[in-house]
Amino acid sequence: RERWMQAKLILIVATLPALHLLARGTFQGMRREVDAGSPDGPTGLLDLFTLQVVASAAVLLVAIWLGRYRPGSRA
């Protein structure tokens, strides 16, 4: 029982801050491009930012799934 709690905590503590920092850097790059008046706007960075947000949501969904349906347990 404790192993799944530890797995959830490691998953959340290790990945969410890293994804947040990556997304923050990407967003700041997008702001710099917009401020510089780039005619195309934040070209490839918007797709990367979207991917990082989706990855963060996926991590949270996996953590919720681990909390609700522990693999190997008898339900």
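Trainee: Which side chain does the side chain of T26 join in a polar contact of 3.1 Å?

Mentor: Keep in mind that this is a predicted model. A polar contact needs a pair of N or O atoms within 3.5 Å. At 3.1 Å, the T26 side chain has such a contact with the side chain of Q52.

Trainee: Is T26 buried or exposed?

Mentor: Let's see what sits around it first. Leaving out residues up to four places away in sequence, T26 touches L45, L48, F49 and Q52. Its relative accessibility is 7%, and the cut-off for buried is under 20%, so T26 counts as buried.

Trainee: How far apart in space are T26 and F49, C-alpha to C-alpha?

Mentor: In sequence, these two are 23 residues apart. They are also in contact. From C-alpha to C-alpha, the distance in space is 6.1 Å.

Trainee: How are α1 and α2 oriented to each other, roughly parallel or roughly antiparallel?

Mentor: Helix α1 covers residues 2–35 and helix α2 covers residues 45–68; their axes come within 9 Å and cross at roughly 165°. Angles over 145 degrees count as roughly antiparallel. So the answer for α1 and α2 is roughly antiparallel.

Trainee: How many nonpolar residues does the contact of α1 with α2 have?

Mentor: Their crossing is left-handed, by the way. Sorted by class, the contact has two charged residues and six polar ones, and the nonpolar count is 19.

Note on methods:
Residues are numbered from 1 along each chain as its sequence is written. This is a predicted model: local features need pLDDT of at least 70, side-chain atom pairs count only at pLDDT 80 or more; totals for chains, interfaces and linings use all residues. Side-chain values use heavy atoms; hydrogens and water are left out. Axes are lines fitted to C-alpha atoms, for helices over the stretch in contact, and angles run from 0 to 180 degrees between N-to-C directions. Helices (H or I, at least four residues) and strands (E, at least two) are DSSP runs, numbered from the N terminus. Angles under 35 degrees count as roughly parallel, over 145 as roughly antiparallel, 65 to 115 as roughly perpendicular and the rest as oblique. A crossing is left-handed if the near helix is turned anticlockwise from the far one by less than a right angle, and right-handed if clockwise. Ala, Val, Leu, Ile, Met, Phe, Trp, Tyr, Cys and Pro count as nonpolar, Asp, Glu, Lys and Arg as charged, and the others, Gly among them, as polar. Buried means under 20% relative accessible area, exposed over 50%, partly exposed in between (1.4 Å probe, protein chains only). Contact means heavy atoms within 4.5 Å. A polar contact is a pair of N or O atoms within 3.5 Å; within protein, one must be able to donate a hydrogen and the other to accept it, and residues adjacent in sequence count only if both atoms are side-chain atoms.
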